[in-house]
Amino acid sequence: MRQVLHGQIRLMRTIMQLYLVRCNCFFIVFLLLYCWRIDMKYKCRHCNFIHFGSMPDGYICPLCHAGLFDFDLIEEEEKVYNRVETDERCVVRVEEKCRNCGACFKTCEKVLASSDRKVCLGCGQCILTCPFGALIPKYDYLDVLDLIRAHDKKVIAITSPAVRVALGDAFNMDYGTFLEKKMVGALKAVGFDMVFDTSFGADLTSIYEARELDERLDNKKNLPMFSSCCPSWVSYANSYVPLLKKNLSSCKSPIGMIASVLRKYYYKDAIIVAITPCTSKKLEIVSGDADYVLTTSELSNMIRETGLVFEDIKDANFDSFSGSGSGTYFGTSGGVTLSVLKCLYYFRTGNDLSNNEVLVKDKEFYKEYRLKIGRNVIRCASVSTMTNLLKVLLIKDEFDFVEVMNCEGGCIFGGGQVVLPANKKDEIIKARALALKKNMRKGNSFPYKNPLVSELCDKYGDELDGVLHN
Ligand code: SF4
Ligand code: SF4
Ligand code: SF4
């Protein structure tokens, strides 16, 4: 009896399933037919009446009674989507290439973590996702080439850490290939008189931000302190979270620091050109510290357009002003935090921080750092992208220091890097971060042990404060 009942239930279930499958098929066929029908439009030549769907035999216009052959098929109009207006000091659109696809608009909404678009951050992330290559950094490299060829003034290049792990992408090398010496060689071959390392500026930024944090911790004022070396984040803070302006560090960015030191103490009349992974850094020329800011992709254009064969370029070393491994690690998210903690620890204990003293935890949308110094525990977070930042802001009071980078993974994925397939993003970020991490472990990794930094601080003391703060 039980078996008979089970058999009947199975049979009924099968019938129901078949019925549902049939229903689904009917539904899909109906949907396809419906879509096919309304996608077609015919317009009457005499009265402009529009008929939707296919034309049945013997069709007559219901308004003017024209026949079937008086109707023309209307081609599907090309859809026009929203597109972003960029800050043209950083990113420009090549109109002839733009197909109004709207990809930049979507990217920008993601970047701003908002559909209320108050400002362009100049970050260049839309360059990396434009499928038609219609967005490019504002090109300044031709002006720089003219200055180099004129030989009127010394032209000095200062190079950000993230450029050396991305330049190879323009020349079909593996993602994350570390090309510091090749990059310096290329800049010299292009004609720059001297090449210095912006990681030197990052060492200065670490020291001065750590001092500022030290003071704020003592005074318990304007905490958490937020890093200020990403101009896109600073611009976001000004427009979207103005209440946090007082929490931003007053230190200049690494480019601002090295450029102002070079200009004030070493090369007053030289042209200073910053080579960066970043389009928003082009705004740094407003302060007058650097004269030009070029992106990694502009550097690759320069190399090609001066007729150099990348493989044949000879390696070279920085002329001076090299940075520590920590300074170089600034190029990736978390690099600023680790470097600032190393300096803070040194100021408070007189000792070098060993890696296992910092407890680092990967959280869902940020990285958390805890460091015990004496009786105090210093709590920090590093976060990239504004979407993640908005989540961190909800718990910001748990931290003493928050490092913010606009681009995913930090400057290694800046909008001025060479454009690569969007679906390789994670692989690229990982490879570039790893390359910088490996380099950090080589040689000196403490900013305050950089001999030129110590010399500068000893020589100019308090005067430097005015030069290195905004
Ligand atoms: S993503 Fe590129 S092609 Fe598409 S609308 Fe924006 S600029 Fe134009
Ligand atoms: S540069 Fe950045 S902020 Fe400006 S439009 Fe592009 S994605 Fe948006
Ligand atoms: S994260 Fe770096 S590359 Fe991106 S906008 Fe900020 S400074 Fe520029």
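A residue is near a molecule if one of its heavy atoms lies within 4 Å of it.

Before going on, a word on the source. This is a predicted model, where local features need pLDDT of at least 70 and side-chain atom pairs count only at pLDDT 80 or more, while totals for chains, interfaces and linings use all residues. Residues are numbered from 1 along each chain as its sequence is written, chains are lettered from A and ligands numbered from 1 in the order in which they are written, and side-chain values use heavy atoms, with hydrogens and water left out.

Next, ligand 2. The residues around ligand 2 include Cys108, Cys120, Cys123 and Cys126, along with Arg117. By class, that shell divides into six nonpolar, three polar and one charged.

And which residues are around ligand 3? Among them are Cys230, Cys278, Cys407 and Cys411, and also Pro231 and Lys281. This shell holds six nonpolar, four polar and one charged.

Pro231 turns up again in the second largest pocket, where Ser228, Pro231, Val234, Glu284 and Asn470 lie nearest the centre among 19 lining residues. A pocket is an open set of points on a 1 Å grid over the protein atoms alone, where a 1.4 Å probe fits, with protein on both sides within 12 Å along at least five of seven lines; lining residues have an atom within 4 Å of a point. Helix 7 (residues 231–240) gives the largest share of the lining, four residues. Helices are DSSP runs (H or I, at least four residues), numbered from the N terminus.

Finally, look at helix 11, residues 335–349. Its buried residues include Gly335, Val336, Ser339 and Leu344; buried means under 20% relative accessible area (1.4 Å probe, protein chains only). After helix 11 comes Gly350, with a positive phi near 80°.

What joins the side chains of Ser206 and Ser339? A polar contact of 2.9 Å, that is, a pair of N or O atoms within 3.5 Å, one able to donate a hydrogen and the other to accept it; residues adjacent in sequence count only if both atoms are side-chain atoms. Ser206 sits in helix 6 (residues 198–219), and Ser206 is buried because its relative accessible area is 0%.

Key: Helices (H or I, at least four residues) and strands (E, at least two) are DSSP runs, numbered from the N terminus. The expected span of a helix is 1.5 Å times one less than its number of residues. Buried means under 20% relative accessible area, exposed over 50%, partly exposed in between (1.4 Å probe, protein chains only). Ala, Val, Leu, Ile, Met, Phe, Trp, Tyr, Cys and Pro count as nonpolar, Asp, Glu, Lys and Arg as charged, and the others, Gly among them, as polar.
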